[in-house]
Amino acid sequence: MSIYAGLDVSDKTTHICVVDVDGKVLRRDVVASDPDVLAKWLNRHCQNLVRVVLETGTLSTFLYHGLVERGVAIECICARHAKGVLSARVNKSDVHDAEGLAQLARTGWYKRVHMKASATHIDRAALRIRAQLITARTSMANQLRGLLKLFGLRMGTARTPGRRAERLAALYAQRPDLKALFAPLIASMEGIEEQLRASNRLLDDRAKRDEVCVRLMSVPGVGPITALTFTSTIEDPHRFARSDDVGAYAGLVPRRSQSGERDTSGHISKAGDPMLRKALYEAANVALSQVKRPFALQQWGRKMAEAKGAKRARTAVARKLAALLHSLWLNETEFRWA
């Protein structure tokens, strides 16, 4: 008899529910959230196991790869999609969620999530660390500007550490008592900027060693960060039947609401990975505003900016960049200026 299992994972424990082909619950249990413990439990209690399902979450990658290595037929599904099914129950609990996931495994009514390899997660972790450093630096810079205004002092334009030091020296000349007060904040900013430079060097070296990233960086506006973000998010270009599908995967296509005679296109869906969407949007902005040598996509985007506004133009160019990068990766070619 074929049986199916659902795993509702939490930080320390995982609720397991096993159902048969008719949906009847055969067994429930709670075990530690460890792939070795889960694999031993499934092998001991689940003969003729067809499929195991778990949702995306903080431990899903660790558990998925661990169970695959131990020969368990497991699938990871999108938590946002599973929520619609699991919320049909009046009472929500870990026990009910595990049973709902087991029923999804039995019916096959779910969307499988592509699970990235461990090496890919190393690149993505480095990118996320860089993004966090930028966020911390920006927050501290804004705090510095706000606190200076309390004393009637204005920082002005100071986008580089050298310019900031010059401006602070001029301000301290007016209020020498503030130098010791702001010293911890300035030292923290300098430490973060030093680590950010180290992170940028690490990512630049990683991109230069990757043949695919070097190929993608031939596109105007695409630098090491965008190329590495694209490759680490997509991972396998053959996942997409068409290059145009990558824009939808990044959440850069309009939402659609159609019923009867009503057919409305809204704002972009913002589905998929936000880090990829942000990288493509920034690359589109660079291509439209900073690249001096004209090319077809830039001219098309600038015409759209005149007709529909700069923000829509950047979004549209980002969507086309996603398709272009995927095509170059798939065909193993470089960008050709036209």
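User: Let's begin with the rings. How many aromatic pairs are there?
Analyst: The structure, a predicted model, holds five aromatic pairs. One of them is Phe295 with Phe335. That pair is edge-to-face, with 6.0 Å centre to centre and 85° between the planes.

User: Where do Phe295 and Phe335 sit in the chain?
Analyst: In distant parts, 40 residues apart. Phe295 is in the loop between α11 (274–289) and α12 (296–308). Phe335 is in the segment after α13 (310–331).

User: Is Phe295 buried or exposed?
Analyst: Phe295 counts as buried, because its relative accessibility is 3%. Phe335 counts as buried too, at 16%.

User: Which residues form the aromatic cluster?
Analyst: Phe295, Phe335 and Trp337 form one cluster.

User: What lies over the face of Trp300?
Analyst: Lys320 does, at 4.8 Å from the ring centre.

User: Switching to charges. How many salt bridges?
Analyst: The structure holds 15. Among them is Glu99 with Arg28, at 3.0 Å from N to O. Glu99 lies in helix α4 (residues 94–107) and Arg28 in strand β3, so this pair ties together parts 71 residues apart in sequence.

User: What else does Glu99 bond with?
Analyst: Arg89 forms a salt bridge with Glu99, and their closest N and O atoms are 3.1 Å apart. Arg89 is in the loop between α3 (79–86) and α4, so that pair ties together parts ten residues apart in sequence.

User: New topic. What does the side chain of Thr229 lie 2.7 Å from?
Analyst: The backbone oxygen of Ile225 lies 2.7 Å from a polar atom of that side chain. Thr229 is in helix α9 (residues 224–234). Thr229 is buried, at 2% relative accessible area.

User: Last one. Which residues make the nonpolar surface patch?
Analyst: Met1, Val21 and Leu26 make a patch of about 290 Å². Leu26 lies in strand β3 (residues 25–32). Leu26 is partly exposed, at 40%.

Methods. Residues are numbered from 1 along each chain as its sequence is written. This is a predicted model: local features need pLDDT of at least 70, side-chain atom pairs count only at pLDDT 80 or more; totals for chains, interfaces and linings use all residues. Side-chain values use heavy atoms; hydrogens and water are left out. Rings of Phe, Tyr and Trp (its six-membered ring) pair if their centres lie within 6.5 Å; planes under 30 degrees apart count as stacked, over 60 as edge-to-face and the rest as tilted. Helices (H or I, at least four residues) and strands (E, at least two) are DSSP runs, numbered from the N terminus. Buried means under 20% relative accessible area, exposed over 50%, partly exposed in between (1.4 Å probe, protein chains only). A charge sits over a ring if NZ of Lys or CZ of Arg is within 6 Å of the ring centre and within 35 degrees of the ring normal. Patches are made of residues with over 30% relative accessible area and no salt bridge: like charges are joined within 9 Å, nonpolar side chains (Val, Leu, Ile, Met, Phe, Trp, Tyr) within 5 Å. Accessible areas come from the Shrake-Rupley method with a 1.4 Å probe; for residues, only the protein chains shown count as cover. A salt bridge is a side-chain nitrogen of Lys or Arg within 4 Å of a carboxyl oxygen of Asp or Glu. A polar contact is a pair of N or O atoms within 3.5 Å; within protein, one must be able to donate a hydrogen and the other to accept it, and residues adjacent in sequence count only if both atoms are side-chain atoms.
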